Amino acid sequence: MANYRWEELKARHQQVRQLLLRQGSLKRLPRSRPRHPDEERLLIDIAVRRIRRARAEGRLAKIDARRWRLQFR
Amino acid sequence: MELDERIRAAETELEKKLLIVGELTRRLESEGVRPIIVGGTAVEIYSAGEYQSYDVDLVVAQRERAIRALEAMGFQREGRVWYHPNWDAVVEIPDIQLSGDMARISTVEIDGYQIHCIGLEDLIIDRLNAAVHWGSREDRRWASTLLRAYRDELDIEYLNARAQQEELTSLLDELWQEVQADG
């Protein structure tokens, strides 16, 4: 079994990112295989629920018409 | 805590990116320049981190000043983007003009910083455009997610007017019908 050290993997990740950057391909590509409509609906529902939870818990708070507060801790 | 320490202590990529934009905004606003977050990072903000993107896209009217500030912070040019080797962060300035209404941009407070982000309605239009012109189902999904999550807070009149201008009315109507059908 291969053993990897976290520092090495992290450095490799940075190298890969830099290579992708130079190729101008870091941006997400459009997904080529469409999701099943049920899966898509489920993903939307989950994301909406998580956004609502973040707002209910005050992690994302609207404090004025065009003013927000985002808290990470 | 120094910025470098705060960025290294950030628990998520979004937190790290917003601290960087916060510092950039602080430096530029003292010169009367306002960077505005657009694209995927804006979706990350309005979804409280549920969406994930790699780089930060900024609209800055005075691009050259922004580049100077980025370089002063340690960013290096890599093709058309700026990369920070110590923070492993990528910033791009794809435009100098906001595709949307400057009066509708949001200000977001984060950890002592203030950053600016494209308005929610204009962001939905941006995702709808990507869905139509790139055939991107992911962008359609995120337009739908934002419509559902913020349905009672959106300026529907403005959203409809912009959709009409950009010939996106049919997709927007389709998404509203789905939202209503799902309750």
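Reply: Start with a hairpin: β3(B) and β4(B) form one with two residues between them, and B:G79 in its turn has a positive phi of about 65°. Helices (H or I, at least four residues) and strands (E, at least two) are DSSP runs, numbered from the N terminus. The model is predicted, so local features need pLDDT of at least 70 and side-chain atom pairs count only at pLDDT 80 or more, while totals for chains, interfaces and linings use all residues. Residues are numbered from 1 along each chain as its sequence is written, and chains are lettered from A and ligands numbered from 1 in the order in which they are written.

Me: How many bridges join β3(B) to β4(B), and in which sense do the strands run?
Reply: Strands of a sheet pair through backbone hydrogen bonds, either parallel or antiparallel. Two strands count as paired if DSSP finds at least two bridges between them. Here β3(B) and β4 (residues 81-84) of chain B run antiparallel, joined by three bridges. B:Q76 is opposite B:Y83 in β4(B).

Me: Which residue stands opposite B:Y83 in β5(B)?
Reply: That residue is B:V90. The pairing of β4(B) with β5 (residues 89-95) of chain B is antiparallel, over three bridges. These two strands form a hairpin with four residues between them, where B:D88 takes a positive phi near 50°.

Me: What is the strand order of the open sheet?
Reply: The order is β1(A)-β2(A)-β6(B)-β7(B)-β1(B)-β2(B)-β5(B)-β4(B)-β3(B), nine strands with mixed pairing. At the edges stand β1 (60-64) of chain A and β3 (76-78) of chain B; each has a single partner strand, so one side of each is left without a neighbour in the sheet. From one strand to the next the twist averages 35°. Axes are lines fitted to C-alpha atoms, for helices over the stretch in contact, and angles run from 0 to 180 degrees between N-to-C directions.

Me: Where do β2(A) and β6(B) meet, and what is the bridge partner of A:R67?
Reply: β2(A) runs parallel to β6 (residues 106-110) of chain B, with three bridges between them. The partner of A:R67 in β6(B) is B:T107. B:T107 also has a bridge partner in β7(B), namely B:H116. β6(B) and β7 (residues 113-117) of chain B pair in the antiparallel sense over five bridges.

Me: How many residues does each chain give to the contact?
Reply: Two residues are in contact if their C-beta atoms, placed from the backbone, lie within 7 Å. Chain A gives 30 residues and chain B gives 34 residues. On the side of chain A that touches chain B, α1 (6-22), α2 (37-56) and β2 (67-70) of chain A each supply at least two residues. The largest share, nine residues, comes from α2(A). By class, that side of chain A has 14 nonpolar, three polar and 13 charged residues. Ala, Val, Leu, Ile, Met, Phe, Trp, Tyr, Cys and Pro count as nonpolar, Asp, Glu, Lys and Arg as charged, and the others, Gly among them, as polar.

Me: What does the domain assignment of chain B give?
Reply: Domain bounds come from an automatic or database domain assignment. For chain B it gives domain 1 (3-118) and domain 2 (121-182). Their C-alpha centres lie 25 Å apart. Ten residues of domain 1 of chain B are in contact with seven residues of domain 2 of chain B. The domain 1 side of that contact divides into five nonpolar, three polar and two charged residues.

Me: At what angle do α6(B) and α8(B) pack?
Reply: The angle between α6 (residues 137-149) and α8 (residues 169-182) of chain B is about 50°, and their axes are 10 Å apart. Angles under 35 degrees count as roughly parallel, over 145 as roughly antiparallel, 65 to 115 as roughly perpendicular and the rest as oblique. α6(B) and α8(B) are therefore oblique to each other. B:A143, B:S144, B:L147 and B:R148 in α6(B) meet B:L175, B:E178 and B:V179 in α8(B). That contact has four nonpolar, one polar and two charged residues.
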